[in-house]
Amino acid sequence: MAIVTPLESAPGARRRLALANPATLEPIGEIEVQAADDVRAAVMKARETQPEWAASSFDMRATVIRRALRILLDRQDEFIDLILSETGKARSEALQMEIYAACDSLNYYARRAGKILKPRRERLHGMFSLLKQLHVVYRPLGVVGVISPWNGPFILAINPCIQALMAGNAVILKPSEVTPFSGKLVGDLFDAAELPAGLLQVMLGDGETGAELTRAGVDKISFTGSVATGREVAVACAEQLIPCTLELGGKDAMIVCGDADLDNAAGGAVAGAFMNTGQYCCGTERVYVVNSVADEFTRRVVERTQRLRQGAGGEFDVGAVFWPRQLEIIQEHVADAIEKGAKILCGGRRTPSLPGLFYEPTVLIDVHHDMQIMSDETFGPILPIMRVDDEETAIRMANDSDYGLGANVWTTNREKGIAMARRLESGSVCVNDMTMTYGLQEAPFGGVKQSGIGQVNGETGLKGYCHATPILVDRFGGRQTASRYPYTHEKDEGIRRFMRLQWGTALGRRLS
Ligand code: NAD
């Protein structure tokens with residue numbers, strides 16, 4: 001996070017929150033928490049401007065989005081500096097995870113949304129094809145509420161906004177109170193790109209503002225965050241009878257097979273566990289390695305982990321923990337593991353040489369499933385490694401979780417990797433990778449089990465911001481419907497004969 005502290009406010013005034021840089025602990029500003037009236041006013045304004053945007057062409061929308069892309073390319077350092085001041089993450093991570101990914105998303109949807117959402121004519125089956133024509137058009141939902149978390153504060157805010165806007169919606173974005181300024185950057189970017197006023201409004205605030213947004217009369221909520229909040233959002237959306245997508249937490253498992261390239265697997269484990277200081281929804285949170293290669297794999301992991309440079313400012317690999325609550329969870333999970341018999345091979349404490357919220361990259365062994373470190377989302381720079389007898393056991397252990405967001409399998413046998421991937425209870429699975437799951441727009445992204453409902457990104461994501469409306473046209477000007485009455489035994493007999501012809505013979509079944 002930034003570190004968030006409530007400030008005194010005058011009676012009747014909006015609440016205020018002060019923010020500090022988690023790496024340096026220096027103050028970086030304050031925000032006013034927007035209340036119910038602010039959120040409702042924003043939704044009303046969005047409703048006024050959305051119809052004109054919905055009526056505009058995809059080319060016109062893409063022009064604005066491309067303008068945003070050019071501005072982001074030009075001003076990337078300014079954006080990165082702001083993201084770093086709130087998160088204390090490594091500069092390369094802000095560049096890759098936030099800016100590169102946002103540029104890719106802007107360009108991807110500007111180029112493809114028109115094609116994906118183009119009205120299409122659908123061929124009907126059987127006899128219906130002689131009587132009717134079906135057109136499917138994708139109509140925007142109206143006003144979409146986007147509620148985003150702090151761990152990818154710019155990309156997780158902007159990516160759904162780009163998709164919802166290209167689909168013709170207006171958006172109200174409520175970024176995390178832990179990283180509000182990175183969320184506000186999304187609004188600043190689209191203002192600079194001359195997106196018509198009211199189409200993207202950013203509401204700063206905490207959970208109360210988010211809850212108000214779910215009740216403010218929007219047409220969909222696109223939520224990314226924790227399981228606990230996701231459940232509350234789902235209930236609120238059910239009460240409003242509006243759809244939602246819930247992209248929630250994970251406890252991603254990594255399986256290292258006996259035939260894995262151990263150097264690549266060790267590198268993958270280290271990247272998976274420590275990228276974004278472990279605060280990555282698809283971060284590797286538990287490793288199952290088969291006995292035959294466990295010692296060598298673990299040795300290489302520790303060696304690589306000890307080479308990681310941690311710091312604030314300048315060139316380093318692992319940044320800060322973004323806010324104090326997360327640091328507490330990490331410390332709780334490690335303490336629970338140690339008490340129950342886990343061994344620390346490296347790390348295992350707050351980084352003594354740095355003043356901010358830093359925790360050393362940590363490797364644990366002798367872990368088991370009764371430890372929080374193996375069952376609950378830790379969201380920190382901790383890599384617990386568990387030995388298993390064989391790959392079957394690894395699959396069983398990986399599936400023994402309430403979460404199902406991502407997973408990864410490491411093997412030199414690609415076919416085996418894909419076969420194992422198909423057996424993992426997970427929203428997505430990588431073979432010999434883990435970093436790219438959210439970043440590839442073609443891959444529908446979403447969790448199973450407690451990790452979420454619905455999917456985002458690509459064709460699935462774009463269509464999720466629309467109502468697919470079938471438009472059915474009678475080829476004969478309505479003659480068949482007009483002659484419906486009177487019902488007679490003779491007409492019924494004709495239908496029965498037709499049914500026998502259609503489904504009672506092999507030829508009939510094939511033609512229909
Ligand atoms: P969080 O649930 O605490 O907060 C997320 C957002 O919800 C914030 O903007 C917050 O202000 C808002 N909020 C809080 N209470 C609310 C309510 N009652 N109604 C509406 N909005 C409310 O999550 P977080 O701590 O910011 O984010 C970390 C979590 O997000 C982790 O569990 C992580 O795994 C998950 N995550 C998931 C994905 C994914 O794509 N599946 C991606 C990134 C992060």
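**Strand pairing and the domain contact**

Tutor: In this predicted model, Val144 has Lys220 in E9 as its bridge partner. That pair belongs to the pairing of strand E6 (residues 143-147) with strand E9 (residues 220-224), which is parallel and runs over four bridges. Both strands are part of an open sheet of six strands, ordered E8-E7-E6-E9-E10-E20, with mixed pairing. The edges of this sheet are strand E8 (200-202) and strand E20 (452-453); each has a single partner strand, so one side of each is left without a neighbour in the sheet. As a general point on such strands, side chains in a regular strand alternate between the two faces of the sheet.

A further set of pairings involves E5. Strand E4 (residues 120-122) and strand E5 (residues 132-140) are antiparallel and joined by three bridges. Within that pairing, Arg121 is placed opposite His135 in E5. E5 also pairs with strand E21 (residues 466-474), again in the antiparallel sense, through nine bridges. Here Val136 faces Pro470 in E21.

Now the domains. The chain is split into domain 1 (33-247) and domain 2 (252-441). Their contact draws 19 residues from domain 1 and 19 residues from domain 2. Taken over C-alpha atoms, the centres of domain 1 and domain 2 are 31 Å apart. About 1,600 Å² is buried between domain 1 and domain 2, and carbon and sulfur atoms give 59% of that area. On the domain 1 side, the residues that lose the most area to domain 2 are Glu93, Trp150 and Asn151, which together account for 31% of what that side buries.

Eight residue pairs are in polar contact between domain 1 and domain 2, counting pairs with both residues at pLDDT 80 or more. Two helices, helix H4 (91-116) and helix H6 (155-166), each supply at least two residues of the side of domain 1 that touches domain 2. H4 gives the most to that side, with six residues. Sorted by class, the side of domain 1 that touches domain 2 comprises 10 nonpolar, six polar and three charged residues.

Methods:
Residues are numbered from 1 along each chain as its sequence is written. This is a predicted model: local features need pLDDT of at least 70, side-chain atom pairs count only at pLDDT 80 or more; totals for chains, interfaces and linings use all residues. Side-chain values use heavy atoms; hydrogens and water are left out. Domain bounds come from an automatic or database domain assignment. Contact means heavy atoms within 4.5 Å. Buried area is the accessible area (1.4 Å probe) that two parts lose on being put together, summed over both. A polar contact is a pair of N or O atoms within 3.5 Å; within protein, one must be able to donate a hydrogen and the other to accept it, and residues adjacent in sequence count only if both atoms are side-chain atoms. Ala, Val, Leu, Ile, Met, Phe, Trp, Tyr, Cys and Pro count as nonpolar, Asp, Glu, Lys and Arg as charged, and the others, Gly among them, as polar. Two strands pair if DSSP finds at least two bridges between them.
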